[in-house]
Amino acid sequence: METTFPRDYFLYFNKDELTVEAFPTPQIWNDAPTIYEFHFLVTFAFQPNTPAKFLYNLTVPEVRTFPKTADYSIVIQTSESQELPDGYFISKTLNNIRKIINDNEGNITFYNFQRLSTDPFQYRIDWKICIVGEKCDSSFVKNITEKLLNNELQPSDDIVAAFSPDSIQNIETECENRPPTAMKNYTIVIKPCGHFIYQLPRSLAKDEEDGDLYSMSIQLKNKDGSSLDRTSWVQLNEETKSIIAIPTAKAYESLLQTPLNFLLLITDTEGKSIETILILTGEEKSSDSYYSTTITFQNNLGTNAPFVEIQIVILRNIASTNSSNSLDDYRLVDFKKLASDESSYQMIYSICKIDETVCVPEDNEIKTSEKQLQNDDGKPSTELINKLSPDILLKDIQFTKRYTIDEVPKTAEDSIKLAVDSCCHSRLYCLENDIFVDKEDGDIKNLKLSLMRRDTSPNSDFVGLVDDCIYVVSYQNFLPGIYNFVLEAQDKCNNTKPINIEVEVLKKCKDEFGVEFSVDIEKPAGEKIDQKDVYRIKSELEKYFSTEDNIAVISKEEQTSGKYTLNLGYCTLDINACDLKSVEEIISKLDENGESELTSILKIMNIELQDINIERKGDCTKPPFPPPESKLEKLEFNVTYCEHMDVKMAEDTFFNQEGLSTRDFQLQLLTVGGKDVGKDSWIQLNKTSQSIYGYIRFSDNQNQPKAFNFTLFVRKNEQDRGLKVPLCVYVIGEEPVLDYQMNIKSTILGDASMPNVYYEIEMTKFLASFFGRGSLNNLGLARSSSSLNEIESFKFSFCNARKKTM
């Protein structure tokens with residue numbers, strides 16, 4: 001929809017001059033968009049019935065300011081039509097005024113238009129002078145006023161003639177210096193130590209004529225308006241517009257409880273003032289002074305010198321004498337005038353960075369500082385005396401020490417022993433908080449830990465320290481043996497304490513697995529894949545395959561920054577590479593769907609999965625040996641409490657068509673789920689003698705089953721298919737009495753690689769003989785987490801011993 005401008009619109013089209021003139025009020029000016037678009041219809045003589053349309057853009061600047069200097073107004077009575085637009089009267093009036101005051105640069109700006117009456121028609125126009133910062137008494141403003149008004153403050157002859165036949169009813173001018181404006185209040189947080197000068201911001205006060213705070217004068221007064229005393233620990237440096245605050249320890253403690261209020265009186269160059277509240281508050285409780293210096297001196301700065309001025313002079317000179325400190329390193333403890341002499345004072349200050357405990361280098365710095373400030377005879381050094389003179393006459397300087405020297409951390413253990421079976425196994429050992437204890441820093445949470453190789457073995461990088469845990473992941477080519485490391489704790493003073501770490505690899509991995517796969521992974525920003533990452537990837541993959549200790553880490557290869565390849569193997573298939581069904585089951589879990597699942601798993605660890613490559617290993621040209629047969633569908637044994645069992649498999653229990661018997665086959669004792677029973681199980685298989693042995697454990701509140709089910713796995717060779725035979729062990733007889741229980745702590749002197757139950761049997765044999773008892777109840781054995789040779793506890797009870805009753 002197209003329309004002409006309304007009568008009161010701020011834009012006016014001057015048809016005579018063919019110009020668009022804008023007369024925005026302050027509100028319109030502030031709310032205006034950046035661009036106005038208009039269309040003009042122009043009728044040409046040669047084409048009177050088809051006017052041409054032209055687009056006109058009016059651009060408004062982004063930054064919009066309005067002058068705040070002299071204000072003028074004029075009231076005019078005219079006989080011209082009231083239906084003319086406001087812009088017509090504004091344009092006519094301002095153009096006449098420009099001619100009168102010789103304004104050729106456009107310094108007049110419109111402010112407001114108002115229709116006062118209709119009969120007769122009178123209107124009022126307010127305008128300003130566009131020279132920001134001009135003062136009311138300037139020659140420029142006076143010259144304008146003289147051209148508009150005569151000596152009787154009536155309209156001048158020139159302006160009357162300019163507006164004829166219209167009549168000027170009134171001309172007013174108002175020019176007054178305005179007082180500055182300021183923030184209602186301003187808060188400074190006083191530091192407990194090491195900060196004395198606080199700069200006031202420019203924006204704290206503003207003045208239309210003078211600008212910001214730094215162009216005005218300021219005074220600091222007490223909240224009741226009285227002047228500050230020279231003893232006040234708060235003073236103003238008017239020249240730099242900064243607050244100097246040097247509270248004593250007692251004054252600062254009071255400030256923490258109750259903030260202090262002061263008055264800031266801000267005055268512009270014309271003498272107009274405004275007050276604002278300055279609030280001083282504390283930050284935190286200051287620490288005790290564990291090292292302080294007391295000086296006695298005579299003040300020569302004069303009896304009117306503020307205390308803070310004296311203190312600043314002394315501390316600056318001490319800082320310049322002491323090469324290791326600056327002015328911000330100090331804290332005022334106390335300052336007082338001595339009764340003995342009007343000009344004699346005592347000042348106590350401390351060094352902020354010195355705490356209850358200091359490091360040896362820090363203590364050496366303190367000793368060096370003392371030598372710079374004090375001679376060997378205990379008097380102030382000549383250098384310091386000369387620097388303070390003549391303003392300050394230094395008489396005495398003394399030092400007070402209350403700190404202690406930091407001690408080396410202590411250890412709860414001298415060594416830690418860890419073991420992994422092979423590359424199919426891993427080990428996580430998280431350190432106890434108190435394995436290192438530091439008197440000043442506390443436990444390991446506040447100490448810096450590092451793990452280093454004690455020897456130069458090339459294959460010892462399979463152990464890593466991440467956070468507070470040691471991760472052990474043996475790679476395929478690692479040789480069996482003992483690898484030595486040093487775990488070192490470092491406190492804040494760089495004092496160190498080591499613990500020996502012994503990691504034993506029990507077996508070497510086999511050279512090939514039935515299924516091997518490589519995982520290409522990457523961490524963001526080029527981060528390294530550490531042992532914690534390898535451990536977690538192996539653990540997550542074992543969860544994904546629903547297995548345990550069954551993923552071998554063959555190797556870890558760094559490709560480029562942050563990108564790695566983990567070569568892995570499936571452990572149970574290293575014994576049967578040609579078991580196609582098992583191979584296909586594993587491979588199927590690593591297909592595209594599997595890759596998607598693994599991507600999600602690794603993403604939680606902030607690791608991105610790039611690719612998976614799968615390869616089946618093994619030679620299937622020679623068919624595997626057929627599985628054996630068993631003359632029993634199920635193997636069954638009985639076991640009683642307080643006695644160990646040892647059953648050797650009969651020669652004819654297993655056989656095949658080629659005449660082989662039990663002794664020709666390999667046996668493996670598994671859980672019903674097909675996993676190895678593990679070294680902690682009470683029942684074990686002696687593969688050499690092909691006997692099943694064990695010692696059932698019984699303790700209080702134990703819901704002991706009456707039968708245990710296992711699986712005996714039988715095959716010719718590791719690459720052959722096998723036979724699984726159910727094995728059931730029945731518990732018969734009465735449960736033992738637990739009235740008497742004993743606990744023994746001991747050390748295994750020989751081979752410590754046997755299952756726990758082996759040592760439980762051996763110890764019960766010895767103890768039964770020692771006590772002259774026929775049998776003992778086995779309550780279980782627990783080894784030390786740091787050493788397989790250390791038995792933390794072996795608990796047992798006498799099977800038939802009862803407490804006497806009355």
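Tyr88, Phe89, Phe113, Phe121 and Tyr123 form one aromatic cluster in this predicted model, for which local features require pLDDT of at least 70 and side-chain atom pairs pLDDT 80 or more, while totals for chains, interfaces and linings use all residues. Residues are numbered from 1 along each chain as its sequence is written, and side-chain values rest on heavy atoms, with hydrogens and water left out. Rings of Phe, Tyr and Trp (its six-membered ring) are taken to pair if their centres lie within 6.5 Å, and planes under 30 degrees apart count as stacked, over 60 as edge-to-face and the rest as tilted. A charge is also placed over a ring: the charged end of Lys128 sits 4.9 Å from the centre of the ring of Tyr111, the criterion being NZ of Lys or CZ of Arg within 6 Å of the ring centre and within 35 degrees of the ring normal.

Tyr330 belongs to strand E20 (residues 330-337) and Tyr349 to strand E21 (residues 344-351), so that the pair ties together parts 19 residues apart in sequence; helices (H or I, at least four residues) and strands (E, at least two) are DSSP runs numbered from the N terminus. Tyr330 counts as buried at 1% relative accessibility, and Tyr349 is likewise buried, with a relative accessible area of 2%, where buried denotes under 20% relative accessible area, exposed over 50% and partly exposed in between (1.4 Å probe, protein chains only).

A further edge-to-face pair is formed by Trp682 and Phe708, at 5.1 Å centre to centre and 65 degrees between the planes. This pair links distant parts of the chain, 26 residues apart, with Trp682 in the loop between strand E42 (666-670) and strand E43 (683-686) and Phe708 in strand E45 (residues 707-715). Both Trp682 and Phe708 are buried.

Strand E44 (residues 691-694) is covered on both faces, with Ser691 and Tyr693 buried on one side and Ile692 and Gly694 buried on the other. Strand pairing requires at least two DSSP bridges between the strands. Strand E40 (residues 645-648) runs antiparallel to E44 and is joined to it by four bridges, with Lys648 opposite Ser691. Four bridges also join E43 to E44, again in antiparallel orientation, and here Asn686 stands opposite Ser691. Four residues lie between the strands in the hairpin of E43 and E44, where Gln690 adopts a positive phi near 55 degrees.

Elsewhere, an open sheet of four strands has the order E26-E33-E32-E29 and mixed pairing. E29 is joined by six bridges to strand E32 (residues 481-490), the two running antiparallel, and Lys448 stands opposite Gln490 in E32.

Five cavities of 30 Å³ or more were found, a cavity being a set of points on a 1 Å grid over the protein atoms alone where a 1.4 Å probe fits but cannot get out, with lining residues having an atom within 4 Å of a point. Grid points are joined across faces, edges and corners, and a volume is the space filled by probe spheres set on the points. The largest cavity has a volume of about 70 Å³. It is lined by 13 residues, of which Lys191, Pro192, Phe196, Pro247 and Arg331 are the closest to its centre. Helix H5 (249-257) and E20 each supply at least two residues of this lining.

Methods: On a 1 Å grid over the protein atoms alone, a cavity is a set of points where a 1.4 Å probe fits but cannot get out, and a pocket is an open set with protein on both sides within 12 Å along at least five of seven lines; lining residues have an atom within 4 Å of a point.
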